[in-house]
Amino acid sequence: MATILLIEDDNLLQELYKGKLRDEGLNVVVAGDGKGGLDLIRSQKFDLILLDIMLPGGINGFDVLETLKKDPAFSQIPVIVLTNLDSEEKVAREIGAADYLKKTEVTPAEIVKRIKGILKKKK
Amino acid sequence: MSLKYQDLVENLSVGVYRNTPGPNGHFLEANSAMVAIFEAKSKKEFMGCSVSDLYQNPKERKDFVDEITKKGEVRSREINLVTLRGRKFIAAISAVMRKDVNGDVYFDGIVEDITERKKMESELIEYRDKLEIQVEERTQQFEKTKRALLNVMSDLREVGARNEAILTSIADGVIVVNSSGIIILMNHSAEKLLGWTIHESLGKKWYQILKREDEGGNPVLPENGAIKRALTGSVTTPSLIISSYYYVRKDGTKFPVVRAVSPIMIGEKTIGAVNVFRDVTQEKELDKMKDDFMDIAAHDLRTPAAAIRGFVSRVLDGDAGPVSDKAKELLNGAYEGNMRLIDLVDDFLTVSRLERGKIKITPRSCDLTELIETSINELSDVADSKNLKLEYEKVKLPATLVDEERIIQVVNNLIGNAIKFTDKGRITISHAVDKNWVITSIADTGIGMSPESQKQLFQKYYKGDESASRSGLGLGLYISKLCVEGLGGEIWVKSKVGKGSTFSFSLPIAK
């Protein structure tokens, strides 16, 4: 069973994505901010990261993404950026995001489809 | 000698005489002229007269005699005489008193009929008096006119001073150009705002003083400026062309400006233009605060909207078990409402960014017809569902400078509106090429709109008779306008209520 790290600060959306992913047979761990997310990554193995950009606590999603991609231990973990920002796709992909989804434009079902697609490719 | 004299005297045209003084005075000598003057039949008849007979007024004779007796002579005395035939006349008499060897006194004199002369004199006097009155009247009229003129001049000066005071006290900058674009008037506020003194500015062309830059720091060429348009009469009513840019001061610094340019018309003729402008740094700052707020608000609104979309779609997908048709219907309603909310927020944000120039409208040379076909394909289902024909009069077009994403948005908006407001008939998309522009027109056979609606159609938040954009906020056409104008083009509409509307926009040909 694949394990997904969800870094998202809004509790409603946490519930939404966590619920869907679990119902689809995926393990989900949730972090509410950037630091928490990085701590989790260092302590656990993840197959994929769902990453929000606007995060509290001074570390935003891009910071997390950069940190991950710079670290060879974690740079191979595929990261899907899941955000409300609509003009950052180019930047995200340049830093190394595998995909860029806008929360209002995708349904949970579509997010799962993308995740499964990327996980399959990894294999 | 005496013969010559006799001859001389006899033939003189003035009357020459000698008479005796006293009430019984009579004539001793008289020449022919005397006879003629007094209308005597003969010298004999004349000589038979008494001197007093010839006087109209005996008192005049007495005075005459008294004076000549006292002074010895009288010169050119005017006397009222009467001829033997009774005709009254005025004479001028000059006479001297003589004494002969015997001590007898007599008067020697000359008589002239000056009646004519007197008449002329009195006529002259009358004429002169009349003239004097006329001159007096004219002088008075002149004085009156002069006073009136002085009043007018003083009024004009007052008006001039007042206008100048008004102009100076207008807080906005005012610059007036004549029909050649030369600055002929400028107020103090314009001086302060631009850094150029009135003295430096008068006589220069407007674009030497009013240097405009857009949001991106790109200078705006005078040919594209509003003053140019106002002067060339492409605006035929004194309407305002308001847009916001930056003016560059004399020292190179710039400030955000809002300006209104109107042509100055006398009748049909444009004799100049006036530009009224204002520094809107504060308003822009407020705007920025609003825009920053917009960004945050948009982001914050999207979160719950995403949540609703996610949860409702899960139920509709069957993640919570089978869904009854009724439940599906209701949930779809919620889902659709939420989608509208998402669109609304998107539009809001687009407008906010377009206005700020934050969305880079990057023009690229491309084939407009392909973009239009893409849009038509996307919307053909909707058109079919209403039984409307969607026709494209495709022609070969020169490459145009477009920002693909923006133009697709514009075409979608226009075709979408056409479909929305047409119940039957067709929607026709066609092109025209005009000098450096490719014009695209979308014509429908829909309900059309009133002239009032046409005027306000492209304004922000204008909803018209019905909602004019998918978001229902009245932003769709406004966004289209921003996109088209951001590429240098124009967008406009022609419409008739009940007949339909034709929306057109122009895009520059890529060179």
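Figure 1. The side chains of B:Asp346 and B:Arg302 form a salt bridge of 2.5 Å, N to O. Over all chains, the rule gives a count of 42 salt bridges.

**Figure 2. The surroundings of B:Arg249.** B:Arg249 sits in the loop between strand 9 (241-248) and strand 10 (254-266) of chain B. Its relative accessibility is 25%, so B:Arg249 counts as partly exposed. Which residues does B:Arg249 contact, leaving aside its neighbours within four places in sequence? They are B:Leu193, B:Leu194, B:Trp196, B:Lys254, B:Phe255 and B:Asp279. B:Leu193 is 56 residues away from B:Arg249 in sequence, yet their C-alpha atoms are 7.5 Å apart in space.

**Figure 3. The interface of chain A and chain B.** Contacts join 20 residues of chain A to 17 residues of chain B. The two chains bury about 1600 Å² between them, and 57% of this area is on carbon and sulfur atoms. On the side of chain A, A:Leu16, A:Asn84 and A:Thr104 lose the most area to chain B, together 37% of what that side buries. Seven residue pairs are in polar contact between the chains. Helix 1 (11-23) and helix 5 (108-122) of chain A are the elements that each give two or more residues to the side touching chain B. Helix 1 of chain A provides the largest share, seven residues. By type, the residues on this side of chain A are eight nonpolar, five polar and seven charged.

**Figure 4. Salt bridges at the interface.** How many salt bridges does the rule find across the interface of chain A and chain B? There are three. One of the pairs in this view is A:Lys20 with B:Asp319, whose closest N and O atoms are 2.6 Å apart. B:Asp319 forms a salt bridge with B:Arg314 as well, at 2.7 Å between the closest N and O atoms. B:Asp319 is partly exposed, with a relative accessible area of 32%, whereas B:Arg314, at 11% relative accessibility, counts as buried. A network of salt bridges links A:Lys20, A:Asp23, A:Glu24, A:Lys116, B:Arg314 and B:Asp319.

**Figure 5. Confidence in chain B.** The mean pLDDT of chain B is 86, and 93% of its residues reach 70 or more. Over residues 236-242 of chain B, pLDDT stays under 50. Residues 467-471 of chain B also stay under 50. Where pLDDT is low, the predicted coordinates should not be read in detail. The model scores ipTM 0.94 and pTM 0.52.

Note on methods: Residues are numbered from 1 along each chain as its sequence is written. Chains are lettered from A and ligands numbered from 1 in the order in which they are written. This is a predicted model: local features need pLDDT of at least 70, side-chain atom pairs count only at pLDDT 80 or more; totals for chains, interfaces and linings use all residues. Side-chain values use heavy atoms; hydrogens and water are left out. Contact means heavy atoms within 4.5 Å. Buried area is the accessible area (1.4 Å probe) that two parts lose on being put together, summed over both. A salt bridge is a side-chain nitrogen of Lys or Arg within 4 Å of a carboxyl oxygen of Asp or Glu. A polar contact is a pair of N or O atoms within 3.5 Å; within protein, one must be able to donate a hydrogen and the other to accept it, and residues adjacent in sequence count only if both atoms are side-chain atoms. Helices (H or I, at least four residues) and strands (E, at least two) are DSSP runs, numbered from the N terminus. Ala, Val, Leu, Ile, Met, Phe, Trp, Tyr, Cys and Pro count as nonpolar, Asp, Glu, Lys and Arg as charged, and the others, Gly among them, as polar. pLDDT is the predictor's confidence in each residue, from 0 to 100. Buried means under 20% relative accessible area, exposed over 50%, partly exposed in between (1.4 Å probe, protein chains only).
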